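Subject: Structure handover

Hello,

Here is the structure I promised to pass on. Please open it first, then read my notes below.

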Amino acid sequence: MDKKIIWEKLSWFRGNIISDATVIETALGWNLRTYFFPKTNRQASIFYYYIINTSHFSFDKKILLYEQIPYFKKLKRYPQVKNSLRFVQKLRNAVAHWELDEKMSNKNEIIICNPVTFERLKLDDKLIEKFKEYEKFLLKIFDWEQTLKEKKEFAAKE
C-alpha cells in the first residue's frame with residue numbers, strides 16, 4: 001500500500017508543479033512579447049507564436065532573454081524575479097526528469113534523485129508551499145493576477 005501512495009503523491013507533485021510552471025513560462029513569454037511589442041498587432045502575434053511560444057525557445061531561453069534586457073535589470077524586484085524563475089525552472093526540470101527513490105520515500109516525503117549526479121530532492125508540503133509563493137509572486141509581477149483569482153475560485157469549489 002505504501003508504494004501506491006508514494007507513486008500517487010509523486011504523480012500529484014509532478015502534475016501540479018509541471019502544470020503551474022507551464023503557466024509561469026507562458027506569463028514570462030507574454031511579458032517578453034509585450035516588452036518588444038507593447039501593442040497587439042500582426043508582428044506581435046508572429047513574434048509570440050513563431051519565436052517565443054515554440055519548442056525551440058525553451059523556458060531556459062526565455063529566462064536568459066529576460067536576464068539580458070536592461071529594462072528588466074533596472075527594476076527593483078529584478079533579483080527576486082530572476083531567483084524565482086530559476087527556482088521554478090529547476091524544480092520543474094527535477095520533477096520531470098529525476099527518478100523516484102522508493103526506498104527513501106514515505107507518505108510524507110517523496111525523494112527524487114538525479115540519475116546522473118545522484119543529487120536528491122525532497123518533495124513535501126514545505127517545498128510545495130515555497131513553490132506556490134514563487135508562483136504567486138511571479139504571476140503578480142507579470143500581471144497575471146486573473147489567473148491567480150481563477151485558481152483560487154477553482155480550489156474553493158473542490
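Burial first. The protein chain has 158 residues, and 38% of them count as buried. Please keep in mind that this is a predicted model.

**Overall layout**

The protein chain holds 7 helices and 3 strands. Read from the N terminus, the order is α-α-α-α-α-β-β-β-α-α. The C-alpha trace spans about 55 × 40 × 30 Å along its principal axes. Take the contacts between residues at least 6 apart in sequence: 59% of these join residues at least 24 apart.

**Surface and charge**

Tyr35 sits in helix α1. Its relative accessible area is 33%, so Tyr35 is partly exposed.

**Salt bridges**

Side chains of opposite charge can pair when their charged atoms come close. With a cut-off of 4 Å between nitrogen and oxygen, the count in this model is 12 salt bridges.

Which residue pairs with Arg92? The partner is Glu25, with N and O 3.2 Å apart. Arg92 belongs to helix α5 (residues 78-97) and Glu25 to helix α1 (residues 2-36), so the bridge ties together parts that are 67 residues apart in sequence. Are the two ends buried or exposed? Arg92 is buried, at 16% relative accessible area. Glu25 is buried as well, at 14%. The cut-off for buried is under 20%, which is why both residues qualify.

Next, Lys122. This residue forms a salt bridge with Glu109, and the closest N and O atoms are 3.6 Å apart. Lys122 lies in strand β3 (residues 120-123), while Glu109 lies in the loop between β1 (99-100) and β2 (110-113), so this pair links parts 13 residues apart in sequence. Lys122 is partly exposed, with a relative accessible area of 40%. Glu109 is partly exposed too, at 28%.

Lys122 also meets Asp124 in a salt bridge, at 4.0 Å from N to O. Asp124 has 12% relative accessibility and therefore counts as buried.

Elsewhere, salt bridges that share partners join Asp20, Lys132 and Glu135 into one network.

**One more residue to look at**

Lys82 is in helix α5. At 33% relative accessibility, Lys82 counts as partly exposed. How many residues separate Lys82 and Glu67 in sequence, and how far apart are they in space? They are 15 residues apart in sequence and 7.2 Å apart from C-alpha to C-alpha.

**Where to start in the viewer**

Begin with the salt bridge between Arg92 and Glu25. Then go to Lys122, which pairs with Glu109 and with Asp124.

Best wishes

How values were computed. Residues numbered from 1 in each chain as written. Predicted model: local features only at pLDDT ≥ 70, side-chain atom pairs only at ≥ 80, totals over all residues. Heavy atoms only, no water. Salt bridge = Lys/Arg side-chain N within 4 Å of Asp/Glu carboxyl O. Helix = DSSP H or I, 4+ residues; strand = E, 2+ residues; numbered from the N terminus. Buried < 20%, exposed > 50% of the residue type's maximum accessible area, 1.4 Å probe, protein only. Contact = heavy atoms within 4.5 Å.
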